[in-house]
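This report goes through one protein model, from its overall make-up to single residues. Please keep the sequence and the model in view while reading.

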Amino acid sequence: MRSAQQILADSAVIAVVGASRDPGKAAHSVPLQMQRYGWRIIPVNPTADELFSERVYRSLADIPHPVDLVDVFRPAQDAVEVVRQAVAIGAPAVWLQLGIVSAEARRIATEAGIDYVEDRCLIVERAAAGLTRLG
């Protein structure tokens, strides 16, 4: 299993499930900051059409190209189904944001052989490792 920082270093395309239109929410500010550092953010939200200048998809299954990482901004009980969907699309890694922990989601990811991170923040890990995808 790769470390959280190694997953970020290896990922170029991040699908963000639960991406928010509300600039006051972490589900908006975190993906926006990752995008500013050069990651391609693919927002997944059933009620928005465009976020971060990217088309929004209703579900992971609707994304027409591979993603390197599925980042989850949904409650722990919803994370289980998101991880199942991530496995179904062949995502190599799943990341549950700060405060989101699910033993069931972890079990599904582990059994599928994909990398799994929970209760950690993308931007904190990015900053700690000094990672960027720019230039």
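The text below treats the whole chain, then the strands, then a helix and some loop residues.

## Basis

This is a predicted model, in which local features need pLDDT of at least 70 and side-chain atom pairs count only at pLDDT 80 or more, while totals for chains, interfaces and linings use all residues. Residues are numbered from 1 along each chain as its sequence is written, and side-chain values use heavy atoms, with hydrogens and water left out.

## The whole chain

The protein contains five helices and seven strands. Helices (H or I, at least four residues) and strands (E, at least two) are DSSP runs, numbered from the N terminus. Along the sequence their order is α-β-α-β-β-β-β-α-β-α-β-α. The radius of gyration is 13 Å, close to the 14 Å that the globule rule gives for 135 residues, so the protein is as compact as a globular protein of that length. That radius is taken over C-alpha atoms, and the globule rule is 2.2 Å times the number of residues to the power 0.38. Along the principal axes, the C-alpha atoms fill a box of roughly 35 × 35 × 30 Å.

Of the 135 residues, 47% are buried. Here buried means under 20% relative accessible area, exposed over 50%, and partly exposed in between (1.4 Å probe, protein chains only). The accessible surface comes to about 6400 Å², and carbon and sulfur atoms account for 49% of this area. Areas come from the Shrake-Rupley method with a 1.4 Å probe; for residues, only the protein chains shown count as cover.

A contact means heavy atoms within 4.5 Å. Among contacts between residues at least 6 apart in sequence, 61% join residues at least 24 apart.

The side chains include 14 positive and 16 negative ones, and the centres of the two sets lie 3 Å apart. Lys and Arg count as positive and Asp and Glu as negative, whereas His and the chain ends are not counted. Each charge is placed at NZ of Lys, CZ of Arg, CG of Asp or CD of Glu.

## Strand E5 and its partners

Two strands pair if DSSP finds at least two bridges between them. Strand E5 (residues 69–72) pairs in the parallel sense with strand E1 (residues 13–17) over four bridges, and Asp71 in E5 is the bridge partner of Val16. E5 also pairs in the parallel sense with strand E6 (residues 93–96), over three bridges. Here Val70 stands opposite Val94 in E6.

In a regular strand the side chains alternate between the two faces of the sheet. From E5, Leu69 and Asp71 point one way and Val70 and Val72 the other way, and all are buried.

Leu96 lies in E6. The C-alpha atoms of Leu96 and Ala79 are 7.6 Å apart, although the two residues are 17 apart in sequence. Beyond its neighbours within four places in sequence, Leu96 has contacts that include Val72, Ala79, Val83, Tyr116 and Arg120.

## Helix H2

In helix H2 (residues 26–36), the buried residues are Ala27, His28, Val30, Pro31, Leu32 and Met34. Their cover includes helix H1 (4–10), E1, strand E2 (40–44) and helix H5 (122–129). Gly38 follows H2 and has a positive phi, near 105°.

## Loops and strand E4

Most residues other than glycine have a negative phi, and most peptide bonds are trans. Phe52, in the loop between strand E3 (50–51) and strand E4 (54–55), has a positive phi near 55°. Ser53 lies in that loop between E3 and E4, with a positive phi near 60°.

Glu54 lies in strand E4. Leaving out residues up to four places away in sequence, Glu54 touches Gln35, Arg40, Ile41, Ile42, Pro43 and Asp49.

Ser20 is placed in the loop between E1 and H2. With residues up to four places away in sequence again left out, Ser20 touches Lys25, Ala27, His28, Asn45, Leu51 and Phe52.

The table lists the relative accessible areas of residues discussed above.

| Residue | Relative accessible area | Class |
|---|---|---|
| Ser20 | 11% | buried |
| Phe52 | 9% | buried |
| Ser53 | 68% | exposed |
| Glu54 | 16% | buried |
| Leu96 | 0% | buried |
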